[in-house]
Amino acid sequence: MPTNATPANIGKAYQVTTADNGATLFLGDASSSRTSVKTIHWVPDGGVIGDGFTVVARIYGPTVDTNGTSFLPIPYRRVNLAGAASDRALVSDTLPMEGFLIEVPANGQTIAIIPSVTFGGGWLYTWDSVGSPT
């Protein structure tokens, strides 16, 4: 699902609500020039309803912002999905509304996430690391 929506810069901790449904939440880049990883942790409030989250990216740089370059779906490394430890496989599935902890290889990319939240909300946390998840 490519999107040309103007991203909302959300920082390292952000409370997601139904107002964010379908929005492109801008998480930034972990590093503009080094091998890097964006770690993302979703902690839902009780009773949250929705279809989940999609991780998207576009190449890093000011020209893509100026030109309104689309964000495109990308894979992530699953660490914990819906409370269950995972095998750290690289996948591109929709992320579960029930909660997750993932790592996103972000080499020279600007990362964003698109929530589908129709009721309730929760907290989205991110952290940047230089290096590669293994």
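Predicted model: local features only at pLDDT ≥ 70, side-chain atom pairs only at ≥ 80, totals over all residues.
Q: Where does Glu103 sit?
A: Look in strand 10, which covers residues 100-105.

Q: What makes Glu103 buried or exposed?
A: Its relative accessible area is 15%. Buried means under 20%, so Glu103 counts as buried.

Q: How many aromatic pairs are there?
A: The count is 3.

Q: Why is the pair of Trp42 and Phe53 called tilted?
A: The ring centres are 4.8 Å apart and the planes meet at 55 degrees. Centres have to lie within 6.5 Å for a pair, and planes under 30 degrees apart would be stacked while those over 60 would be edge-to-face, so what remains is tilted.

Q: Which parts of the chain does that pair tie together?
A: Trp42 belongs to strand 4 (residues 36-44) and Phe53 to strand 5 (residues 49-59), so the pair joins parts that are 11 residues apart in sequence. Both Trp42 and Phe53 are buried.

Q: What makes the pair of Phe53 and Phe100 edge-to-face?
A: Here the planes stand at 75 degrees, with 5.4 Å from centre to centre. The label needs an angle over 60 and centres within 6.5 Å, so this pair qualifies.

Q: How far apart in sequence are the parts that Phe53 and Phe100 tie together?
A: Phe53 is in strand 5 and Phe100 in strand 10, so the parts are 47 residues apart.

Q: How do you know whether Phe53 and Phe100 are buried or exposed?
A: Phe53 has a relative accessible area of 0%, and Phe100 has 3%.

Q: Which residues make up the aromatic cluster?
A: Trp42, Phe53 and Phe100 form one cluster.

Q: What does the rest of the protein look like?
A: There are 12 strands and 1 helix. Starting at the N terminus, the order is β-β-β-β-β-α-β-β-β-β-β-β-β. Of the 134 residues, 40% are buried. Among contacts with a separation of 6 or more, 72% are between residues 24 or more positions apart.

Key
Residues numbered from 1 in each chain as written. Heavy atoms only, no water. Helix = DSSP H or I, 4+ residues; strand = E, 2+ residues; numbered from the N terminus. Buried < 20%, exposed > 50% of the residue type's maximum accessible area, 1.4 Å probe, protein only. Contact = heavy atoms within 4.5 Å. Phe/Tyr/Trp six-rings, centres within 6.5 Å; stacked < 30°, edge-to-face > 60°.
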